[in-house]
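Please keep the sequence and the model in view while reading.

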Amino acid sequence: MTFMEHLPALQVVVPMLSAPLIVLLQPRGLAWAGATAAGLASFAIAIALAMAVLDGQTQVYAMGGWAAPYGIALEVDAFSALVLLLVTGAGAAALLAARVSVDRQIEPERQPLFYAAWLLGLAGLAGIVVSADAFNIFVFMEISSLASYILIAGGPDRRALPAVFKYLIMGTIGATFYLIGVGLIYMMTGTLNLADMQARIGDVVALNPILVAAGFITIGLALKAAVFPLHVWLPNAYTHAPHMVTVFLAACATKVALYVLIRFDSMVFQDRLSDHEFQFTLFALPLAVLGILVASSVAMFEGHLKRLLATSSVAQIGYILLGASFVSEAGITASAMHMFNHALAKGGLFLAVACLAFHFRDLRLSELGGAARRMPLTCAALVVCGLSLIGVPGTAGFISKWLLITAALESGLWGWSLVAVILVSSLMAVVYIWRIVEALYFQQASAEGDTSFAEAPLQLLLVTWAVALLNIFFGLFPHLPLALANGSAALLVGGAP
Amino acid sequence: MIPETAILTAICLPLAGALAIAVAGRISPNLREATTLLTAAALIWVVWGLLPTLMAGGRPAVEVSEVMPGLTIAFRVEPLGMLFAALASGLWLINSVYSIGYMRGNKEKNQTRFYVCFALALAATMGVAFAGNLFTLFLFYEVLTLSTYPLVSHKGDEATVRSARVYLGVLLCTSIGLFLPAIIWTYMAAGTGDFVHGGILAGKLEGPAIGLLLGLFVFGIGKAAVMPVHRWLPAAMVAPTPVSALLHAVAVVKAGVFAITKIIVYVFGIDFLFATPSSGWLLYMAAFTIITASLVALRQTNIKRLLAYSTIAQLSYVVMAAATLKPLAEVGAAIHMVAHAFGKITLFFAAGAIYVASKKTEIHQLRGIGRRMPWTMTAFTIGALSMIGVPPTAGFVSKWYILAGAFEAENLVAVFTIIASTVLNAAYFLPILYMAWFEREEAGAKAHGEAPFAAVLALCITALLTLAFFLFNGPVIELESQVVRALPL
């Protein structure tokens, strides 16, 4: 086997085996360097995989040479390549920028453990994406969840503890539901391999257990993905987590759960169960619309910068689900694109928040007066990413909004009212982003705070700006993610191999 | 320069200028202003260099990127856009001269940011002018909104921020809420958004849907300030006067009416719309705006707000002319953009000069000011006469064409509206002129002279242009006649 063929396995193995090594790197700075190297290596692997997929090869890997359905299979197609890119990209970018911010928030002696947990989280998320096997998805889901509990609770903010406890409970329920669903399907089909499942589920005569399984799996994953109204764990967890952890998790964690949801549903259920498309739409569409509208309205009145952005994430998850709920090629394309673009926009925003946190201990909007004078570059980057979140043309966010609206119009019946929902929520995004802008640029600085020029450390600032510029780049030249998104849609709905 | 290169240069040049201005601002104010003037002059050279090609019937086009299948960033120069770009670039130079006098005379803060945003706004204006399809137009339209926001909120105090919020709120809400769906609808219906002679929608839509789509476009393009989406324009008057003068009398508002005209001519097609009864409402809406805005202007006491309402009325002249759907009226619409630009920028320059010299902002304070500021008030008079449409000023030419178009269409509402608004314009401008020239100043008033030389120079030039356009409008009319003449495209 050539080196290329091992890449799907290496995608998981590299960060996972680096994690224990990192723990041994005690001296200050080395742990960070090791973790960043591992993060960049996984990003490089993801890029290589994406290139291979764009060349038209789907990478299938049989662990230990045992062929599926008996052995453990890994598979990288267009959809997984896209999500891998954003998971490893977010991981690598956040690690690259993390050093200074983590130095301030995590004690030096705990840093190796912190970075080890980070790499485990990365390995878990990447593992979910490459697995072609329902049970391994569960295993990797647990790995990534446990790691993210540690990461979120790892900071100096004690309020993270109750938040993470809530996340732990809800996350465990979600994972358990998923496992129950997988168990039921296993009972009926006798297989755990997704492709095999897809082939065999059509032969099942008694459909009730499958329906129950579909319910459990969908609800379980919706919990993990923070789909409205199962999102209550998310705002506090993101708000009180260490800033760099928020960057990493907000950019990719919930999207991976959505990835599994979309893949599972369209490959296994919709393909074979009659009327399942209709059921899925009936379930996902109202939740998506409600999530978009409710979360956007809440964000409009939120006073804490991080919680505002976290709440907006719930609305953005609604967009992704909305696209998926159309069960059409255009819908899945829009969904996949929005995963990618929202990761860019929200990642950039949280990076800018991490910059701001260097000089503003209190991140409530009312305390951020004079920020633009002290940190002009940070604030400018924040505005660029904010515009992308709104979906202003010329930014990445516009591309997915356009695709989503086109998909909504194609979906027929409710098309125009859904367009209205998307547009109204875009305007709500204008409101909450502009509240931030006014706080940063026009609010009077608090009397005792000093007003000298004090930008964030260069390393952090460079990464922030790189992400901000990517938001514009992918707004004008979205060909790479678009090709992968189109590939995913063809794969999941179009029936292409 | 090759026309294709010139198009891209026209957009990139102000961008590069913005960067250079930002750098120069750190070194010295003189260098910064020199950079602005140099960029403006270079832009004129590039943009006006395209004129011979256009006159000869050339339509240079260039495609930058295919963002998504069917959705491209592409530019194509045609007479309407050429005129708009030439106008905006030409007036930018004069306005920059004026800005130097105004900003220094007023000792404004954050001047570097001011000049940088101005250059960005001009880059966006060029993009709007040369856009080859709806998507590109929309892209630069939004950039224009966002780049002018810091200019409107320049002063940074609470009242200004509140007005700037109205400005941004109205413009973004209309563009995202109405303009964007209209564009998407057009792409869905026609499969393309390219600006094509004769329109792209003929046969693709029918019945009331056409009127609805037109409504989405007209109210979605909030920059055209057709009532009831006009509220942002008076709010924008909190900006420094050079911004009101170039952007809110020329670049931004003209981008709005220009976009509407372009959409009527190149997306719907004049003949197609004329054959559609459901699109007739636009003319009446514009007429209503003209009359109402003029009535509101009558009641204004602040000079800049009066000018803002006068602008709203004048913009709807263009919309009404375009909606008359007759060749002569379309030419009139294009010419009125130029005529109104010269007149209104002169009026704003004068208002700003008065503010710099005497800090006066209200109309009743203008008693006897003609003797203290004879140059400024002479220019103001010329501008006001042009607004009314008295020969020999620019306003007369365009009104002539619009009236001719209205007669051609045998539309008495349009004819009546033009006559009534002329009377109203006279009713709110003539008292000011009388007050300024013939009444006596209140006793004990502070003595003051003219504004700084740069400001006076600029307003004299634009006043002269207002007069000159009455005599030398041949090339402009010839160029714009190409819009309605069936040219191979």
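Helices (H or I, at least four residues) and strands (E, at least two) are DSSP runs, numbered from the N terminus. The model is a predicted one, in which local features need pLDDT of at least 70 and side-chain atom pairs count only at pLDDT 80 or more, while totals for chains, interfaces and linings use all residues. Residues are numbered from 1 along each chain as its sequence is written, and chains are lettered from A and ligands numbered from 1 in the order in which they are written.

Chain A contains 19 helices and two strands. Its radius of gyration is 21 Å, close to the 23 Å that the globule rule gives for 497 residues, so chain A is as compact as a globular protein of that length. Here the radius of gyration is taken over C-alpha atoms, and the globule rule is 2.2 Å times the number of residues to the power 0.38. The C-alpha trace of chain A spans about 75 × 55 × 40 Å along its principal axes. Of the 497 residues in chain A, 62% count as buried. A residue is buried if 20 or more other C-beta atoms lie within 10 Å of its own, exposed if 12 or fewer, and partly exposed in between, with C-beta atoms placed from the backbone.

Chain B has 20 helices and two strands. With a radius of gyration of 21 Å, close to the 23 Å from the globule rule for 489 residues, chain B is likewise as compact as a globular protein of that length. Its C-alpha trace spans about 70 × 55 × 45 Å along the principal axes, and 60% of its 489 residues are buried.

Where do the two chains meet? In this model, 19 residues of chain A are in contact with 20 residues of chain B; two residues are in contact if their C-beta atoms, placed from the backbone, lie within 7 Å. On the side of chain A that touches chain B, helix 16 (396-410) and helix 17 (415-441) each supply at least two residues. Helix 17 of chain A gives the most to this side, with seven residues. By class, the residues of this side are 15 nonpolar, three polar and one charged. In this classification Ala, Val, Leu, Ile, Met, Phe, Trp, Tyr, Cys and Pro count as nonpolar, Asp, Glu, Lys and Arg as charged, and the others, Gly among them, as polar.

One residue that touches the other chain is Pro393(A). Pro393(A) is placed in the loop between helix 15 (376-390) and helix 16 of chain A, and it counts as buried because it has 27 C-beta neighbours inside 10 Å. Leaving aside neighbours within four places in sequence, its contacts are Phe398(A), Phe138(B), Leu139(B) and Glu142(B).

Within chain B, a pair of helices shows how such elements pack. Helix 4 (residues 79-106) and helix 14 (residues 327-358) of chain B pack at an angle of about 5°, with their axes 11 Å apart. The axes are lines fitted to C-alpha atoms, for helices over the stretch in contact, and angles run from 0 to 180 degrees between N-to-C directions. Helix 4 and helix 14 of chain B are therefore roughly parallel, a description given to angles under 35 degrees, whereas those over 145 count as roughly antiparallel, 65 to 115 as roughly perpendicular and the rest as oblique. The contact involves, among others, Leu80(B), Leu83(B) and Leu87(B) of helix 4 and Ala334(B), Met337(B) and Val338(B) of helix 14. By class, this contact has 14 nonpolar, three polar and no charged residues.

A cis peptide bond joins Phe228(A) and Pro229(A), with omega about 5°, and Pro229(A) lies in the loop between helix 8 and helix 9 (234-240) of chain A. In chain B, the peptide bond from Pro391(B) to Pro392(B) is cis, with omega near 5°; Pro392(B) is in the loop between helix 16 (374-388) and helix 17 (394-408) of chain B.

Is Val327(A) buried or exposed? Val327(A) is buried, with 22 other C-beta atoms within 10 Å. This residue is in the loop between helix 12 (305-325) and helix 13 (329-356) of chain A, and its phi is near 50°, a positive value in a residue other than glycine. Leu325(B) also has a positive phi, about 60°, although it is not a glycine. Leu325(B) lies in the loop between helix 13 (303-324) and helix 14 of chain B and is buried, with 27 other C-beta atoms within 10 Å.
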